[in-house]
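Please look through the structure below before reading on.

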Amino acid sequence: MYGPMFSFQRDARGVVTGYEQNGKFHARGSSAVTSESAALAWPRTKGQESSNYQYKPPVDMHDGIAVGDIVRSPLGPVTANAIVGAILSGTYKDVHSVLLYQDGKLVLEEYFYGYNAQRTHQLRSITKSFVSALAGIAIDRRAISGVNERVVPAMSYSSYANPDPRKSAITLGDFLSMSSGLDCDDHSSTSPGRETVLDDSPDWVKATLDLPMINDPGTEGYYCTGGVSVVGRMTESAVHMPLPDFAEKYLFGPLGMARADWTWNYDLTNVDKEYSQIHLRPRDMLKLGILFEDGGRWHGRQVISESWVNTSTGEHSHVDNVSYGYFWWRHMFNVEMPGGEQQLVVIAAQGNGGQKIYIAPQYRLVAVFTAGGYNAESTPPNTIMEKLILPRLIRAMNRAQASSPEK
């Protein structure tokens, strides 16, 4: 999810006096800097530089997440030292948290720039993957017949702009795979359905469904945030509950996430300045990754069906030339190894700024990152995964396979 652009204004001395957005000037309210804002200037306070970093195993918070020592993981302390050292030295900027869960245990948990285990973080477009999970739960509970259920007949609107017979054929799966056929592309400066235009609409769902058709449903993938609002509203209508309430009862609650520990203003109108995104603690983000890594099970309880986990993370389209599932990315990493480059697909929930939940079941790995590099072309988590984490796991697996007796 992308927010509106704005520009800072300065006086003759170079002091910031305010900012301008959409032609309107907003004056600076105060010259004081809060301690929370000041903490954003440096990864950690003085005395916590990279040369002073010493790995410590994560603390057991009795929140359902098992913890362990990275020394007993294939990652090893060298991985922790490399990641944290590079963040503290400024090699990887604006990383707010790193959590590595490998072989059933959280083995690395580090926070930077004033963040900590109890502080929630905006998820941006990772919210999309949570909406997908909730749609899957609605299907599991038979409130929705399946991904082939048509969307327009399930809505309460009496008519739509740009009438086209193909609109009535758009399915839930088409929206989940971002291949609805509507002219909705956040990454196009001319698309009438780009997010910056839809955000100003009093009804995001209606505005999305009012868009003209440019392709047959299910044929071409375009990154369309408007489609997420459609999936969310269709799910709400099917389960007869606001989506956050449905999440609390059937997803967040079963994962042990207390209502006081997350926020989700799910308004879907231009009144919503939070873009309907979820705010979660990184450990709670990790729980979604663990849930999907374990086939939809949480401590033996089937929260989401394994079939939905497999279906939603499988390939259904290509968006921005990347394999795409149902609001999940299938990120291809090119990992440099001594024997040559290896390509590895990792399931990923991704949000603007460097918010990431990576799932690599083949290495029993779930990695969570939060960050503040908003609107940057690339973010450190991808590089950290590709350069520091995945090579260690690939080498460990290769050694294990080489040493195993032949069958």
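Helix 3 (residues 126–140) packs against helix 7 (residues 226–239) at an angle of about 30 degrees, and their axes lie 10 Å apart. Angles under 35 degrees count as roughly parallel, so helix 3 is roughly parallel to helix 7. The model is predicted.

**Helix 3 and helix 7**

- The crossing of these two helices, helix 3 and helix 7, is left-handed.
- From helix 3, the residues in the contact are K128, V131, L134, A135 and A138, and they meet V228, V231, G232, T235 and V239 of helix 7.
- Sorted by class, the contact of helix 3 with helix 7 holds 7 nonpolar, 2 polar and 1 charged residues.

**Helix 3 and helix 8**

- Helix 3 also has a crossing with helix 8 (residues 243–252), where the axes come within 10 Å and the angle is roughly 75 degrees.
- Angles of 65 to 115 degrees count as roughly perpendicular, and therefore helix 3 and helix 8 are roughly perpendicular to each other.
- On the helix 3 side, the contact is made by F130, V131, A133, L134, I137 and A138.
- On the helix 8 side, L243, F246, A247, Y250, L251 and F252 make the contact.
- The contact of helix 3 with helix 8 has 12 nonpolar residues, with no polar and no charged ones.
- V131, L134 and A138 of helix 3 are in the contact with helix 7, and V131, L134 and A138 are also in the contact with helix 8.

**Helix 2 and helix 11**

- Helix 2 (residues 76–88) and helix 11 (residues 380–403) cross at roughly 170 degrees, and their axes come within 10 Å.
- Angles over 145 degrees count as roughly antiparallel, so helix 2 and helix 11 are roughly antiparallel to each other.
- Helix 2 contributes G76, V78, T79, A82 and I83 to the contact, while helix 11 contributes I384, L388, I389 and R392.
- By class, the contact of helix 2 with helix 11 divides into 6 nonpolar, 2 polar and 1 charged residues.

**Cavities**

- How many cavities of 30 Å³ or more does a search of the whole structure find? The search finds 3.
- The second largest cavity has a volume of about 60 Å³.
- Residues that line the second largest cavity include D174, F175, M178, S179, S180, G181, L182 and C184.
- E220, Y222, C224 and G227 are also among the residues lining the second largest cavity.
- The lining of the second largest cavity has 6 nonpolar, 4 polar and 2 charged residues.

Terms used: Residues numbered from 1 in each chain as written. Predicted model: local features only at pLDDT ≥ 70, side-chain atom pairs only at ≥ 80, totals over all residues. Heavy atoms only, no water. 1 Å grid on protein atoms, 1.4 Å probe; cavity = no way out; pocket = protein on both sides within 12 Å on 5 of 7 lines; lining within 4 Å. Points joined across faces, edges and corners; volume = space filled by probe spheres on them. Nonpolar A, V, L, I, M, F, W, Y, C, P; charged D, E, K, R; others polar. Axes fitted to C-alpha atoms, helices over the stretch in contact; angles between N-to-C directions. Helix = DSSP H or I, 4+ residues; strand = E, 2+ residues; numbered from the N terminus. Left-handed = near helix turned anticlockwise from the far one by under 90°. Contact = heavy atoms within 4.5 Å.
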